[in-house]
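I opened this notebook to record what I looked up in a structure that is new to me. The entries follow the order in which I consulted it.

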Amino acid sequence: MIKKIVGVALISAALMSAPSAQNTAGDPNFGTISLSSGFQPDPTTVSVISGGSIDSSNLLKGSTNCNGFISNAPDVRVNFSAGSGSLPLIISADSNEDTTLIVNAPDGNWYCNDDGGSGLNPSVRFNNPQSGRYEVWIGTYGANSNYSAVLHISELSSQ
């Protein structure tokens with residue numbers, strides 16, 4: 001009986017610590033872009049439709065506050081080659097609606113933001129960006145609410 005309880009507890013703990021239902025390897029909804037430090041144009045932009053049916057507040061149980069509803073697959077995949085300089089990598093979104101931003105960085109860590117950019121727009125800044133894949137989701141506050149947004153990737157400024 002104790003072995004069974006311990007087994008169930010271990011399975012439950014593993015499920016709670018893992019991102020729920022996010023397919024970081026899935027085909028991005030709005031494409032993949034590859035950038036190297038010093039890229040032009042800066043910012044590089046991608047038009048997207050935000051939102052989805054997955055409640056991102058369940059994404060990282062207690063470790064980071066992720067708000068909004070997102071899709072299963074990332075909206076955009078950014079393959080980034082970091083330079084030796086000290087330029088940051090800034091990922092932000094611009095929309096007429098209140099959106100959120102969720103980024104899975106190359107090290108597997110999740111970063112979430114709401115209203116860190118101008119107005120109600122989100123922004124995530126990596127001061128010492130790593131080379132690798134950045135999976136990006138732009139969320140909305142209503143399930144299946146979809147709004148036009150523009151994803152900005154910059155080394156110089158956030159939108």
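Entry on confidence. I noted first that the model is predicted. I found a mean pLDDT of 84 for the protein, with 82% of the residues at 70 or more. I then looked up residues 1-20, where pLDDT stays under 50. For this stretch the model has seven contacts beyond four places in sequence.

Entry on the fold. I counted one helix and 11 strands.

Entry on surface and burial. Of the 159 residues, I found that 41% count as buried. The protein exposes about 7,900 Å², and carbon and sulfur atoms supply 51% of that area.

Which residues touch the most other members of the largest nonpolar core? I found Val78, Ile91, Tyr134 and Leu151, in a core of 22 residues. Among the elements that give two or more residues to this core, I noted β5 (76-81), β6 (89-94), β10 (132-140) and β11 (148-154).

Entry on Tyr134. I set aside its neighbours within four places in sequence and listed its contacts, among them Val76, Val78, Phe80, Leu89, Ile91, Val103 and Phe126. Tyr134 is also in contact with Arg77, Asn104, Pro106 and Pro129.

Notes: Residues are numbered from 1 along each chain as its sequence is written. This is a predicted model: local features need pLDDT of at least 70, side-chain atom pairs count only at pLDDT 80 or more; totals for chains, interfaces and linings use all residues. Side-chain values use heavy atoms; hydrogens and water are left out. A nonpolar core is a set of buried Ala, Val, Leu, Ile, Met, Phe, Trp, Tyr and Cys residues joined through side-chain atoms within 4.5 Å. Buried means under 20% relative accessible area, exposed over 50%, partly exposed in between (1.4 Å probe, protein chains only). Helices (H or I, at least four residues) and strands (E, at least two) are DSSP runs, numbered from the N terminus. Contact means heavy atoms within 4.5 Å. Accessible areas come from the Shrake-Rupley method with a 1.4 Å probe; for residues, only the protein chains shown count as cover. pLDDT is the predictor's confidence in each residue, from 0 to 100.
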